[in-house]
Amino acid sequence: MTGKPAPRKPTSRKPTSRKPTSRKPTSRKPTSRKPPPWGRIAARALIAGFAFVALVAFSAVLARLTLTPSPASADLAGSNMRPGHSLRQYAESYTFLGACKQIGGNLLLGAPFGLLLPVLVARKNRMMRVLAVTVLVMALVELAQGAIVEGRAFDVDDVILNTTGALIAYFLLGRRIGHGYHALARPSGRNRLAIRLPGNGARDRGTPRATGDGRK
């Protein structure tokens, strides 16, 4: 009998251990914010000056239109403290052209606030500032009409229409004007904000963080 060959022992291979390569994130120093060039400063000054002069001129026109006495209407003028009452009266008692004249005129009186105030007020909560200034000014005008101007009376619907006209002008054009004006104050290059990490130095926001196995 021939002897059986001895079985071979399986050789076990030891897995080679690879040391994870760690990549240290590069630390970038935040660049210093550069001031806007003189051309932008001059453009901002010119735009702000024009808006201020235009607002003063509009205020003079507004005072002339709203604070001029009207003795012929002394017996017809009456105060209105109920929102919507005058609007229903325009729809029921006025002709179509007469109602458009009353409603459209009040909308136009508020439109300059929506165009000019976005330049003059701060950028934060700009719409709310435009709304608040418009309501305050037009409410004071209406109170003055009812208190000291003959033939005119306070009408809350006029304030509502004036404020609506300001908001329409703001959303159509004033918001873009204000955005372009305030954009002149920004530097041309954007700064990157460095974030401090414990033990890893600083890294830039927006760059992927390096892991232990060298993968991003």
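What we have is a predicted model, in which local features need pLDDT of at least 70 and side-chain atom pairs count only at pLDDT 80 or more, while totals for chains, interfaces and linings use all residues. Residues are numbered from 1 along each chain as its sequence is written, and side-chain values use heavy atoms, with hydrogens and water left out.

The protein has five helices and two strands, where helices (H or I, at least four residues) and strands (E, at least two) are DSSP runs numbered from the N terminus. From the N terminus on, the order of these elements is α-α-α-α-α-β-β. Of the 216 residues, 26% are buried, meaning under 20% relative accessible area, with exposed meaning over 50% and partly exposed in between (1.4 Å probe, protein chains only).

Leu184, then, is partly exposed, with a relative accessible area of 21%. Leu184 and Ala42 are 142 residues apart in sequence, yet 9.9 Å apart in space, C-alpha to C-alpha.

Met138, leaving aside its neighbours within four places in sequence, is in contact (heavy atoms within 4.5 Å) with Leu62, Phe113, Val159 and Asn162.

Helix α3 (residues 96-120) bends by about 25° at Gly110, with a proline, Pro112, following within four residues; the bend is the angle between axes fitted to the seven residues ending there and the seven starting there.

In the loop between α3 and α4 we find Asn125, whose phi is near 50°, a positive value in a residue other than glycine. Most residues other than glycine have a negative phi. Asn125 is exposed, with a relative accessible area of 51%.

Finally, Arg126 is in helix α4 (residues 126-148). Which residues does Arg126 contact, leaving aside its neighbours within four places in sequence? They are Pro118, Val121, Tyr170, Arg175, Gly178, His179 and His182.
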